[in-house]
Amino acid sequence: MASYQQQGNDEQSTLDCHHETFHDVHSKTSVRDRRLFLQNMLVATTSSLGLSAASDAFEEAYPINLDFENNDTSRNLQTIRKERISVKRAKLNQSREDVLKNPLAFRTKTDVLGAVTWSGALWLLSGSRSNPLVRPLANALYDTNTKKGAWVKDRNEGLFAPFPLAFSILMGIVFLLLGVFVDRALLLVADGESSTVLQLAGVSLIGGASLELGRVASGEKMKTRQDSERDDTLAQEFEEFASKKLIIGQGGSVHRSEVIKSFRRYFAKYRVENDDYPLNDLEIEQLLREWNRKMGNLESMSSSGFIKNIKINTEAEIKI
């Protein structure tokens, strides 16, 4: 009786195992069907969105099958790499030979863009309108005693004066030729690698623009005759003010704001801001610093704005 019961249990276990196996197979089949369904949906969606071109480009750049045609085992990745290097080297040699044969020939847009970029970079790096080529060319072409050459006289005296239109065109041509020369020379050095020369020109242009902004911000650009005459007038007026209202060498201290207020009270035309006599507080402070340095005072202006060994003469009369 026990043997029959044991046999029945074994048959039931076998049936359970078959049921579980069938269930696992069915589950795996269902998962695989769902994956295929989702994959087909994704392909259909990307095709409808027009992304097939991008996927085709990816497959062309990175093919799934890396086997060569007709199972050609003579070609491998090293052979392909050597072929590509030889082709690139041949192009560079041809470009270098073309530059040697005809240096002024512009074969591609990159050559034209490189020459123009170098022209702008040289213009900015040399000081733009204050570059060292301006005065020699201007003195050779203009007479400083004539009306047309009056701007050259200002340039010779270290002042800034705008260019006439004709001279501006001439400077543009000169720097364009310089840009072509530098571009061609670097192409020979770089073995005809025009893209590298163009990148170097772009970096030089950015550097020249940074230098030009620095010159403007620091006040290194030349002043016009009008600005120079105004600075001379302000310096003379501050000398007059200081001789009457400032006492140096008798101790004490004064704040820059007190000097600025006193200077504006002394000259009626500067008491209020106006367009006829424009003057800001920073300019008066600069005049004070220069006067203090000129008088040989060992005490400079502190970070808080005080100057020792100087005080205001409160008994001096105010100029009307």
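The structure holds 16 aromatic pairs. Rings of Phe, Tyr and Trp (its six-membered ring) pair if their centres lie within 6.5 Å; planes under 30 degrees apart are stacked, over 60 edge-to-face, and the rest tilted. This is a predicted model, in which local features need pLDDT of at least 70 and side-chain atom pairs count only at pLDDT 80 or more, while totals for chains, interfaces and linings use all residues. Residues are numbered from 1 along each chain as its sequence is written, and side-chain values use heavy atoms, with hydrogens and water left out.

Start with one pair. The ring centres of Tyr142 and Phe167 are 6.1 Å apart and the planes stand at 65°, so this pair is edge-to-face. It links distant parts of the chain, 25 residues apart. Tyr142 sits in the loop between α5 (134-141) and α6 (150-156), and Phe167 in helix α7 (residues 165-189). Helices (H or I, at least four residues) and strands (E, at least two) are DSSP runs, numbered from the N terminus. Phe167 is buried, at 1% relative accessible area. Buried means under 20%, exposed over 50%, and partly exposed in between (1.4 Å probe, protein chains only).

Now take Phe263 and Tyr270. Their ring centres are 5.8 Å apart and their planes at 15°, so these two are stacked. Both are buried: Phe263 has a relative accessible area of 0%, and Tyr270 has 5%. Setting aside residues up to four places away in sequence, Phe263 touches Glu237, Phe238, Phe241, Tyr270, Leu279 and Ile284. Contact here means heavy atoms within 4.5 Å.

The largest nonpolar core has 20 residues. Such a core is a set of buried Ala, Val, Leu, Ile, Met, Phe, Trp, Tyr and Cys residues joined through side-chain atoms within 4.5 Å. Among those with the most contacts inside it are Phe238, Phe263, Leu288 and Trp291. At least two residues of this core come from each of α9 (225-245), β1 (246-255), α10 (256-266), α11 (281-294) and β2 (306-312). A second, separate core of 10 residues includes Val134, Ala138, Tyr142 and Ala161.

Helix α11 deserves a look of its own. It has 14 residues and reaches 20 Å from its first C-alpha to its last. That is close to the 20 Å expected at 1.5 Å a residue, where the expected span is 1.5 Å times one less than the number of residues. Its buried residues are Ile284, Glu285, Leu287, Leu288, Trp291 and Asn292. Seen down the helix axis, they fall within an arc of 155°, so they line one face of α11. The arc is that of the directions from the axis to the C-beta atoms. What covers these residues includes α9, β1, α10 and β2. The face turned away from the buried side carries the exposed Leu282, Arg293 and Lys294. At the start of α11, a side-chain oxygen of Asn280 reaches to within 3.2 Å of the backbone nitrogen of Leu282. After the helix comes Gly296, with a positive phi near 80°.

Two other residues have positive phi without being glycine. Ser128, with phi near 55°, lies in the loop between α4 (109-125) and α5 and is buried at 6% relative accessibility. Asn309, with phi near 70°, is in strand β2 and is partly exposed at 26%.

Conventions. A polar contact is a pair of N or O atoms within 3.5 Å; within protein, one must be able to donate a hydrogen and the other to accept it, and residues adjacent in sequence count only if both atoms are side-chain atoms.
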